[in-house]
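Hi,

Here is the structure I promised to pass on. My notes on the backbone follow below it.

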Amino acid sequence: MVLGSLNMDMVLRVPHMPVAGETLLGRDLRYVPGGKGGNQAVSCARQGAQVRLLSCVGNDAYGEQLLASLRADGIDVSHVMHAGDAATGVAVISVDDAGQNQIVVLAGANQRLSVAEDLLERLLRDARFVVLQFETPLAEVAKALRIARKVSCKVALNPSPMQAIAPSWWGSIDVLVVNETEAAALSGLAVQDVQQAAIAAQQLFARGVAQVVVTLGANGAVACDAHGARWHEALKVQAVDSTAAGDTFLGALAVQLAGGATLDAATQWAMRAASICVTRAGAQPSIPTAQEVEQLTRATRPNTP
């Protein structure tokens, strides 16, 4: 189950990111289904999981388009709410020629998400994992964490957009996935290379999280658990658009762990999924299937005698 946001992404291609006061000519504008919750749900579904999404959209065309797209991936959206007093969330995304992005999110209906405790408990009892992030009200995230622990449903959390994690939450998180910026903010340590990422991961693990992964983009990822911290090297690819790469990673990681994979194997699989994602434009259209990741795995596996 995924509890999270749904946004219509307005993706603007630019030669470079504008500086303050600069007027820049864009190259292209596209409307693409997105939102961290929607992206993570699509990633889980394309990796072979049965997925239910809890979210909220407005009573508008964007909302209907987003739900139709999710249904096409086989995602259960029967519990997605409709807010009569707010528009569907929108994200304005600028993507430059290096494939890097800048994102401004207008939360809209995402801030109206509110799930009754009895319904949430019933749904979580049927789930092996719940995937969470911070594009919905933190009160709903706290509720999901508390109930997931009660019913023994594992939790995968990406604290993005970055906000502090309450001290009482740490012990309820099974898998924490953070990038360099989030790892630095949560740990209070500099995270500018692999060694620093490993130290930050171990510090976050010590707060009670069962497993921590610090993603480092082209520099790979650091996975940390009771056996210590290990670095995993990323594949070298030509990035086109990094939008949804983190969501792709989290969804693929959660599905692999739910299927019994080790943290190291799940991290490597999730990195390959993210490496495919960044070679394509857009959020949800760029998210690969399990078959595509398997094909990449076979293509990059070293030959054995």
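Helix H4 covers residues 138–151, and its end C-alpha atoms are 20 Å apart. That agrees with expectation, because 14 residues at 1.5 Å a residue should span 20 Å. Bear in mind that this is a predicted model.

Next, the buried side of the story. The buried residues of H4 are Glu 140, Val 141, Lys 143, Ala 144, Leu 145, Ile 147, Ala 148 and Val 151. Note that Glu 140 and Lys 143 are on that list. What do the buried residues of H4 pack against? Their partners are helix H3 (117–125) and the strands E1 (2–3), E9 (129–133) and E10 (154–158). As background, an α-helix has 3.6 residues a turn, so residues three or four places apart point the same way.

Now the loops. Is Ser 152 buried or exposed? Its relative accessibility is 67%, so Ser 152 counts as exposed; the cut-off is over 50%.

Ala 244 also is not a glycine, and has a positive phi of about 75°. Ala 244 lies in the loop between strand E14 (228–232) and helix H7 (245–258). Ala 244 counts as buried because its relative accessibility is 9%, under the 20% cut-off.

Pro 161 is in the loop between E10 and strand E11 (175–179).

Best wishes

Terms used
Residues are numbered from 1 along each chain as its sequence is written. This is a predicted model: local features need pLDDT of at least 70, side-chain atom pairs count only at pLDDT 80 or more; totals for chains, interfaces and linings use all residues. Side-chain values use heavy atoms; hydrogens and water are left out. Helices (H or I, at least four residues) and strands (E, at least two) are DSSP runs, numbered from the N terminus. The expected span of a helix is 1.5 Å times one less than its number of residues. Buried means under 20% relative accessible area, exposed over 50%, partly exposed in between (1.4 Å probe, protein chains only). Contact means heavy atoms within 4.5 Å.
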